[in-house]
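Work through the exercises below with the sequence and the model open. Try each task before reading its solution.

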Amino acid sequence: MNRHAIQRLGFGLLGFVALVVVIPIVLIIALIVVRGAGAISWEFLTTMPYDGMKAGGIFPAIVGTLLLTMGTAVVSIPIGVGGAIYLSEYAKDTWLTRAIRLALVNLSGVPSVVYGLFGLGLFVLFLRMGTSILAGSLTLAIMTLPVIISTSEEALRAVPMEFRTVSASLGGTRWQGIRHVVLPQATSGIITGILLGLLRAGGETAPILFTVAAFYLPKLPTSPLDPVMALPYHLYVVSTQVPGMPPQMQYGTALVLLVLVLSMNVVSSLIRSYFRRRRQW
Amino acid sequence: MSAKFAVRDLDVFYGRKQALRKVSLEIPEHQITALIGPSGCGKSSFLRCLNRMNDTIPNSRITGQAFLDERDIYGTDMDVVELRRRVGMVFQRPNPFPQSIYDNVAFGPRVLGARQFGRLDEVVETSLRGASLWDEVKDVLHHNALSLSLGQQQRLCIARVIAVRPEVILMDEPASALDPIATLKIEDLMHALVEDYTIIIVTHNMQQAARVSEQTAFFMVDDDQVGVLVEYGPTREIFTHPRDARTEGYVTGRFG
């Protein structure tokens, strides 16, 4: 076999492997769309479930997931971005910052069900929040923080050192340099990180299982201390816990969750490409 | 003629390595002073002591004294941030922010509080005129600064410095990335600027030092590879009647 044939064979194999990655995602989306699209209707999206959830809509689960995602955002964005600014711009290389980084790496490796148990122990029981939007949002926020911090820190570090130097040489304080030069240049990376983190939070089941998610609620929440239904948990419930559930409704629920999560993904890609076009260094 | 800077017995260290030893000199106001010498002789390190940009390098340390208008640059009562506004800096590689031309010039006044600098549009125009760039960019003020040629970018960086009304402009090989025409424009600009500012330029290019400067300081490494000031005086004397054999060897092109 000559070397050109070897190269063709190699590229062929690599192309096949790359294709293997694409196949499952296409199949997943196709399966869910084909089986679930029939369930999607205005009524399905905007009404309460009834008849043991075998009929009606999934409105409260959609509202719950949106509320939880917003709650997570409110808690995790300021802490995450603030922490990233500190680590990237101010922290010296000491045992403390090394410990913080080690903690971040380990946090992102913790299984999500462990966050759920932690949230149950700390927020629900010890801090007496009960199973509530507050407890669930805080649990999801803790799970999201490592993602936001590490992606934001990376975005900040990608801004050339030179810009900070120039800002300092013009008589800017370090904070003025960060505020006026570094942050504007890092915005797209930071927003991408935030969306990726929230995306994961919105789709998780285990952390909300013990902290907020309700099996079935006849009404919408009225305060942050109320439990809510949430899409991922609702999907689990209708798929395994309700006998005689029409499959179309199961797939319909999955489709709504998928669309919510994927649309956040699309928005984050759009933001990224918008800022990338403006950035020119 | 008074001294803008007075430096006495200045040593600079980076970690355990000494970069400069016992440098003493006085730099006159409203003149162009050139710092020349082979690579690694500490001339840029010296320049960065004058606005304390060396502070930003970890493990850097200085001993000795440096005064700006008879005030100790390294004294405890010196506001470093204000010092850097008064002693502006132009870098080797043109480094405008990836923003519009207007925003680049307006950056300093905006960050430092535009009110003390007057109306922003006027500051931008005066600064760009001061940097001989206004006529070339007045119709494209809101275009990205990186669309300019390198020479224009460097003059934009000078305009950005002028906008915060410094007293001194430090230039660290400002023309070494530029072609000869752009270099000439920078040199013409320096002659115009010296009316209002004290200029200190580090350059590898001896002809440039001879063309633009009134005073020249020649740096070189000694036997321990530590930078020292070999000779300092009026440029004409340094180039025609150097007192030190090493200076003569360098300016006549025998090494370096």
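**Exercise 1.** Does B:Q225 count as buried or exposed, and what is its relative accessibility?

Solution. The model is predicted: local features need pLDDT of at least 70, side-chain atom pairs count only at pLDDT 80 or more, and totals for chains, interfaces and linings use all residues; side-chain values use heavy atoms, without hydrogens and water. Residues are numbered from 1 along each chain as its sequence is written, and chains are lettered from A and ligands numbered from 1 in the order in which they are written.
- Step 1: Buried means under 20% relative accessible area, exposed over 50%, and partly exposed in between, with a 1.4 Å probe and protein chains only.
- Step 2: B:Q225 has 51% relative accessibility, so B:Q225 counts as exposed.
- Step 3: B:Q225 lies in the loop between β9 (215–221) and β10 (227–234) of chain B. Helices (H or I, at least four residues) and strands (E, at least two) are DSSP runs, numbered from the N terminus.
- Step 4: Although B:Q225 is not a glycine, its phi is positive, about 60°. Most residues other than glycine have a negative phi.

**Exercise 2.** Find where B:R165 sits and classify its accessibility.

Solution.
- Step 1: B:R165 belongs to the loop between α6 and β7 (168–172) of chain B.
- Step 2: Its relative accessibility is 48%, so B:R165 counts as partly exposed.
- Step 3: The phi of B:R165 is positive, near 50°, and the residue is not a glycine.

**Exercise 3.** How many residues of helix α1 of chain B are buried, and which are they?

Solution.
- Step 1: Helix α1 of chain B covers residues 43–50, and seven of its eight residues are buried.
- Step 2: The buried residues are B:K43, B:S45, B:F46, B:L47, B:R48, B:C49 and B:L50.
- Step 3: After α1(B) comes B:R52, with a positive phi near 55°.

**Exercise 4.** Describe the largest nonpolar core and the surroundings of B:L128.

Solution.
- Step 1: A nonpolar core is a set of buried Ala, Val, Leu, Ile, Met, Phe, Trp, Tyr and Cys residues joined through side-chain atoms within 4.5 Å.
- Step 2: The largest such core has 109 residues, and B:F46 and B:L128 have the most contacts inside it.
- Step 3: Helix α8 (residues 174–203) of chain A gives the largest share of this core, eight residues.
- Step 4: A contact means heavy atoms within 4.5 Å. Not counting residues up to four places away in sequence, B:L128 touches B:I101, B:V105, B:L133, B:W134, B:V137, B:L141, B:L156 and B:A159.
- Step 5: There is also a second, separate core of 32 residues, which includes A:I58, A:V242, A:M245 and A:L255.

**Exercise 5.** Work out how helices α3 and α6 of chain B pack.

Solution.
- Step 1: Axes are lines fitted to C-alpha atoms, for helices over the stretch in contact, and angles run from 0 to 180 degrees between N-to-C directions.
- Step 2: The axes of α3 (residues 101–112) and α6 (residues 150–162) of chain B are 7 Å apart, at an angle of about 35°.
- Step 3: B:I101, B:N104 and B:V105 of α3(B) make the contact with B:L156, B:A159 and B:R160 of α6(B).
- Step 4: These residues divide into four nonpolar, one polar and one charged. Here Ala, Val, Leu, Ile, Met, Phe, Trp, Tyr, Cys and Pro count as nonpolar, Asp, Glu, Lys and Arg as charged, and the others, Gly among them, as polar.

**Exercise 6.** Summarise chain A, then locate A:S112 and A:A168.

Solution.
- Step 1: Chain A has 11 helices and two strands. Buried residues make up 42% of its 281 residues.
- Step 2: The C-alpha atoms of chain A fill a box of roughly 70 × 65 × 35 Å along the principal axes.
- Step 3: A:S112 is in helix α5 of chain A and, at 16% relative accessibility, counts as buried.
- Step 4: Leaving aside neighbours within four places in sequence, A:S112 contacts A:M143, A:E204, A:A206 and A:P207.
- Step 5: A:A168 is in helix α7 (residues 161–169) of chain A and is buried, with a relative accessible area of 14%.
- Step 6: With neighbours within four places in sequence left aside, A:A168 is in contact with B:M53 and B:R84.
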